[in-house]
Amino acid sequence: MKQIYTYILILSICFAGCARKAKQWFVVEKLDNKTYVISEPNSSQGNSCFLLLGDREAILFDSGTGENEGKGIARITDTITNLPLTLLLSHFHFDHIGNTEEFSRIGIPELDCFRSRIARDSILNLSCKEVLSENTKSLKVSKCFPVGEEIDLGNRRITILHTPGHSRESISIVDRENKYVFMGDLAYNGLLLVNDCRKYVNSINCLLNRSDSTYRFFGSHGKSEVGFAHLQRIGDALECYQNPEWKPESVKQINFFGVVKDLITVDGVSFIVGYRDVFTNDCEKETGSNE
């Protein structure tokens with residue numbers, strides 16, 4: 001009998017440990033009473049999403065990896081706010097669009113590349129080249145947000161900026177009053193993936209021109225907060241790369257998900273230029289597209 005009780009006790013401890021681990025998949029950091037970082041430190045991508053509250057409505061910037069199946073991010077946002085919430089995606093890569101099915105309100109920025117693609121039933125079908133995966137998604141769009149104009153969430157105004165370079169549809173959010181900038185995958189602490197170098201530099205300069213060193217900047221991977229000086233270094237490093245006379249201080253070849261890529265490092269900023277082929281070669285072969 002003692003052995004049975006001991007076995008039950010061990011199982012109870014194991015289940016309790018598993019429950020705590022599941023509960024801690026999302027880690028919430030409160031920046032202020034209306035701003036939260038919701039991170040997934042145990043995910044494959046180390047993602048962070050951002051919850052912005054106004055007095056009238058809320059925006060969730062990205063929805064996570066979706067790797068924590070059955071226990072998505074909506075249960076976290078529901079414990080923080082009961083405001084009407086719209087999911088706004090920084091871009092459409094697979095590691096930012098998990099859990100989208102949990103949200104009845106999904107918004108997209110008013111960009112020309114979307115205008116002709118939304119069907120009459122408000123469905124936006126994402127391609128595998130946008131998702132970087134064969135597991136594509138269709139989004140039921142309930143709201144289109146203006147770009148470059150102030151959006152009032154209720155005593156809180158934000159501005160959505162088109163900041164391509166990592167992907168063509170990438171956006172950032174600037175909150176001038178609270179001095180926050182949320183950048184998606186445009187800038188973060190870690191290896192940067194550059195799709196279009198010229199647009200990337202323009203986007204970095206756009207954010208620098210709309211902010212200063214008193215702002216707080218947040219990216220979507222690793223340690224979420226990015227220093228203003230590091231953001232400047234990213235812009236400078238990619239400017240150097242575009243100069244045909246520039247000689248890099250460090251270039252080495254790495255195996256990047258099975259494809260050999262040049263890893264370039266300039267003043268502590270590491271990046272790869274051209275990465276989509278790593279994820280979309282099979283997709284492009286099937287569709288015959290070079291988009």
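**Close-up views of a predicted model**

View 1. N99 is buried, with a relative accessible area of 6%. Buried means under 20% relative accessible area, exposed means over 50%, and partly exposed lies in between (1.4 Å probe, protein chains only). The loop between β5 (85-88) and β6 (106-109) holds N99. Helices (H or I, at least four residues) and strands (E, at least two) are DSSP runs, numbered from the N terminus. Phi of N99 is near 70°, a positive value in a residue other than glycine. This is a predicted model, in which local features need pLDDT of at least 70, side-chain atom pairs count only at pLDDT 80 or more, and totals for chains, interfaces and linings use all residues. Residues are numbered from 1 along each chain as its sequence is written, and side-chain values use heavy atoms, with hydrogens and water left out.

**View 2. A lysine with a positive phi.** K179 is found in the loop between β11 and β12 (180-182). Its phi is near 60°, a positive value in a residue other than glycine. K179 is partly exposed, with a relative accessible area of 33%.

**View 3. The salt bridge of R156 and D175.** Where do these two residues lie in the chain? R156 lies in the loop between β9 (150-152) and β10, and D175 in strand β11, so the pair ties together parts that are 19 residues apart in sequence. The closest N and O atoms of R156 and D175 are 2.8 Å apart. A salt bridge is a side-chain nitrogen of Lys or Arg within 4 Å of a carboxyl oxygen of Asp or Glu. R156 counts as buried, at 1% relative accessibility. D175 is buried too, at 0%.

**View 4. The salt bridge of E130 and R168.** The side chains of E130 and R168 meet at 3.7 Å, N to O. The pair links distant parts of the chain, 38 residues apart. E130 sits in helix α4 (residues 128-131), and R168 in the loop between β10 (157-162) and β11 (171-175). E130 is buried, with a relative accessible area of 5%. R168 counts as partly exposed, at 37%.

**View 5. Further salt bridges.** R157 pairs with E150 in a salt bridge, with the closest N and O atoms 3.7 Å apart. R157 is partly exposed, with a relative accessible area of 43%. E150 counts as exposed, at 52%. E57, R105 and K143 are linked in a network of salt bridges. The whole structure has 11 salt bridges.

**View 6. The largest nonpolar core.** This core has 34 residues. A nonpolar core is a set of buried Ala, Val, Leu, Ile, Met, Phe, Trp, Tyr and Cys residues joined through side-chain atoms within 4.5 Å. Those with the most contacts inside it are M183, Y200, I204, F217, I234, L238 and F271. The elements that give two or more residues to this core are β13 (192-194), α5 (197-209), α6, β17 (259-266) and β18 (269-273). The largest share, six residues, comes from α5. In soluble globular proteins, nonpolar side chains tend to be buried together.

View 7. D55 and D152 are 97 residues apart along the chain. Their C-alpha atoms are separated by 9.4 Å. D55 is in the loop between β3 (48-53) and β4 (58-61). D55 counts as partly exposed, at 42% relative accessibility.
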